[in-house]
Structures are given as structure tokens and as C-alpha cells.
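This report goes through a protein model and the ligand placed with it, and it is meant to be read beside the coordinates.

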Amino acid sequence: MNNFIFTIPTTAYFGKGQINILGNTIKSHGGSKVLLAYGGGSIKANGIYDATVSQLNGAGISFVELNGIQPNPRIESVEEGIRIYRDNNCDFILGVGGGSTLDACKAIAAGVKYDGPVTDLFVDESGISSRITAVAPLATILTMAGTGSELDMGGVITVGEDHKKKVVLHPLLNPKFSILDPEYTYTVPEHHSMAGVADILCHLMEQYFTPDVAATVQDRMNEGVMKAVLEEAPKILADPQDYDARANIMWASSMALAGFQFVLGKPGFPFPLHGMGHELSSMYDMTHGVTLALLTPSWMRHTISTAPQQLPIFAQFARNVMGVSEKDDTIAAEAGIEALEAFYAAIKMPANLREAGVKEEDLEVMAEKAVENGNLGILTSIGKDEALQIMRMAF
Ligand code: NZQ
Ligand code: ZN
């Protein structure tokens, strides 16, 4: 295992009624004038907005609003947030929503402290957003489980005419605190709830399928969280107000990327499925988690066929996570992939790119863009040709 440093600077307030700490906790972090940011209005329909405002008012904290942050959030929302924050002399940012709102808030938090265009702050050659040297304090109220943004140091912003997805990534971007009330996710539409599940599972898999460096603790913990996700997600389908199922999926969302704990001490960090999936969102504005479910089985089969030496890790996944008991590695690995496909079908993900509305003639340009910042390989090389092969297999 390689050397690493591990800290999680975000405090998680988890469970029913945790909103009650909001006002005083913002104050304890020096917040007196808050930029309150949210998405398309679901928080007004389900009462989370009222609960938030009542906390702010109760603590004597004034606020201004940025609303209308869209799924796959646009840089224009970030720029508007920076303007509102500065024009109103805010000193704290509160994001209330899913990953899109939280990510936009992270970019705003960095942008308000940077003297230049916020587009300078995306990940550079160093592997993080090295131009970020200070950020405004940020807290989040999570309303949808999936991205892990509530406990991680990253954000994904859509930029430009071709809707390229760019990443801000810096340890300073971890929220000061996040409120995680599973009841707040009861109203998430089924499609987004299940896309969130697919996203969580993929975050775990992207950290699991790496070269073997005997990181046994990380991998066994990871397998446990994956199994919990497989067990709990169908309960939400059966009853969207199953508190314990919502709670477990929410905590899995947070744990999957908290401090990138399952990839600590392991080599490489290219997240190939995310690299390719983001291009589907850019081209079709497709829901993030859906893109990952569409590509994962093909990526697995492609990896096994081009790098047979990687077969054991897929057989291990099949046995330890998907419950396959087959002894032969080749048969076990394929059975594991088929079980994963059955799970995606059970949570109502589209079966292939064609069913998801993708046009075959777009595959080549998406494959090319997926690798424009470098090879996405982790277990085997993924340049343009391989990305295209994987997309064709998924079509
Ligand atoms: O806009 P609102 O009204 O909030 O509605 C949202 C949106 O329509 C709705 N929703 C959320 N909570 C709800 C609710 N509807 C009813 N009741 C609630 N309680 O759900 C829809 C989707 O929301 P969104 O925030 O877009 O979903 P998600 O959390 O999946 O975020 C996706 C974004 O996160 C990025 C993705 O690329 C994508 O842009 N990611 C961020 C990561 C990170 N920060 O670490 C990692 C991920 O891999 C991912 O890339
Ligand atoms: Zn993701």
C-alpha cells in the first residue's frame, strides 16, 4: 500500500431534525450574511426551504438567494452566485439541494476569493485546482443522495457551448458542515433516487477496480458498502418513505467519497467511467448516475478481454459483492457482471445507450472528448479507440 494522509474536515449532522442546529452552527463559523443557494424549487414544495429560512431568521442571520441552479450545473449560475455574494457582502454560503447545487456552491466559494475568472479554478496539471488558496465558508443541506458532494472536496461544473464538464477539486472545498436528514430525500423522484444509487455504486467501484496493492482494509470495507447499497436500494423503490433505507443510502453516498477513503494507498485516480459518462451528460444532458449504469458492464467486459490478467479482481467482485459462488474465474466474473446488469434493470436504469436516446453517430466525438485530458486507463489503457469500443459495446 502507498503512503497517504487522511482527514475529513466536514462535520456531518446526520438524522431526523438535524436542521435544528443550522442557525447556531452557521454563527459559530462566523456567518452573519448568508448566500442561500438552491435549485429549481423542489425545496419550496417539500418544506425544506421554510425550515431553512426559519432557522436563519431564528438565529438573526440575514440572507440573499441564488435560485434556479440546474442539474449538471452551468458556469453561469456560479458566476451569478459570485456576483450576488460580493454585491451583498456575504460571509457564508449555504447550499440546499443535490449534488448540482452543492457543486455550484463549491465553485462560488472558491470564486469569491479569487481575483480572476472562476474558470481558472478547474483542476490543472497538478491534479487539483492549485490556484485555489482561499474559499468562503460553506455548509450544505443535502436533499438527494448520490454524488457524495456533501462530504468531499470536489465539484463538477458544465462550461461552454459544448457543455464540457470541468472539475474543481481542493481540500479547502470540503464543506464546514453538512446536514444529512434522510427524511429530506423522501420526495426525490424515483428516477433521480435510483440514478443516485447508480452513482454511489460507481464511486465505490471506481475505487475498487484498481491495481492490487494489498489495500485489503479499504477493499473489504468498500465491498461492505457496495453490498449495503444493493440491499437497501430496492427497499426505496418499494417504499420511498422507508426511513432506514433512505438513511443507509444517504450514508453510503457520503461514505463512498469521504476523504476518498477507499482509494487511499492505491495507485491511480482516473475514474474512467466518470470520464466517459460525463461526455454523455455533455452531449445529451443525461442524468449523471444513468450514464454510469449504462457504461459499467461494457467497461468491465472490455477490461477483461483486453487485460485478462485483471480477471481475478472481477471474479472477486462477483463472489464478494454479487453473491456468485462459481469457482472458475472467467465464469464467475461474467456471472457478476450479469448480476450487476440485473440490479441496474431492477432499479430501472435504461438497458443500453440506444434505449437512453444516444445516436450512434455521436459515439466517436464523445470518445474523443472523454480522453482529451489524457488516457483514462487504470486496469488497462483507455485512449480514444478503447473508449469508442466500450461505448459501442454499451450501445
Ligand atoms: O433542482 P431541484 O429543485 O433541487 O430538483 C432536483 C433535480 O431536479 C431534484 N431533487 C433533489 N432533491 C430533491 C429533488 N426533488 C424532490 N425532492 C428532493 N428532496 O433532483 C434533480 C437532480 O438533482 P441534482 O442535484 O442534479 O442530482 P445529483 O445529486 O445527482 O447531482 C448531479 C451532479 O453532481 C455531479 C454530477 O456530474 C452532476 O453534475 N457530481 C458531483 C460529484 C462531487 N461533487 O463529488 C461527484 C459525482 O461523481 C458527480 O460527477
Ligand atoms: Zn459520480
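The shell around ligand 1 holds 34 residues, and those that come nearest are Gly39, Ser42, Pro71, Gly98 and Gly99; a residue is near a molecule if its C-beta atom, placed from the backbone, lies within 6 Å of it. Two or more residues each are given to this shell by helix 5 (99-111), strand 6 (154-159), helix 6 (190-208) and helix 10 (288-306), and helix 5 gives the most, with four residues. Helices (H or I, at least four residues) and strands (E, at least two) are DSSP runs, numbered from the N terminus. By residue class, the shell around ligand 1 divides into six nonpolar, 25 polar and three charged residues, where Ala, Val, Leu, Ile, Met, Phe, Trp, Tyr, Cys and Pro count as nonpolar, Asp, Glu, Lys and Arg as charged, and the others, Gly among them, as polar. Ligand 1 lies between domain 1 (11-184) and domain 2 (189-394), because both domains give residues to its shell; the domain bounds come from an automatic or database domain assignment.

This is a predicted model, in which local features need pLDDT of at least 70 and side-chain atom pairs count only at pLDDT 80 or more, while totals for chains, interfaces and linings use all residues. Residues are numbered from 1 along each chain as its sequence is written, and chains are lettered from A and ligands numbered from 1 in the order in which they are written. The mean pLDDT of the protein is 97, and 100% of its residues reach 70 or more; pLDDT is the predictor's confidence in each residue, from 0 to 100. For the complex, the predictor gives an ipTM of 0.99 and a pTM of 0.98.

Helix 10, one of the elements that contribute to the ligand shell, has 19 residues that should span 27 Å at 1.5 Å a residue, which agrees with the 27 Å between its end C-alpha atoms. The expected span of a helix is 1.5 Å times one less than its number of residues. Helix 10 is mostly covered, with 16 of its 19 residues buried, where a residue is buried if 20 or more other C-beta atoms lie within 10 Å of its own, exposed if 12 or fewer, and partly exposed in between, the C-beta atoms being placed from the backbone. Leu295 itself is buried, with 26 other C-beta atoms within 10 Å.

Helix 8 (residues 243-257) has 15 residues and reaches 22 Å from its first C-alpha to its last, close to the 21 Å expected at 1.5 Å a residue. Because 13 of these 15 residues are buried, helix 8 is largely enclosed by the rest of the structure. Just after helix 8, Gly259 takes a positive phi of about 65°.

Asn72, in the loop between strand 3 (62-66) and helix 4 (75-87), has a positive phi of about 55°, and with 19 C-beta neighbours inside 10 Å it counts as partly exposed. Asn89 is found in the loop between helix 4 and strand 4 (92-97), where its phi is near 50°; with 9 C-beta neighbours inside 10 Å, Asn89 counts as exposed.

Helix 12 (residues 329-346) contains Ala333, which is buried, with 27 other C-beta atoms within 10 Å. Ala332 has its place in helix 12 and counts as buried, with 22 C-beta neighbours inside 10 Å. Ser130, in the loop between helix 5 and strand 5 (138-142), is partly exposed, with 13 other C-beta atoms within 10 Å.

| Pair | Separation in sequence | C-alpha to C-alpha distance |
|---|---|---|
| Ala333 and Pro312 | 21 residues | 8.0 Å |
| Ser130 and Ser54 | 76 residues | 38 Å |
| Leu295 and Leu273 | 22 residues | 6.8 Å |
| Ala332 and Gln316 | 16 residues | 8.3 Å |
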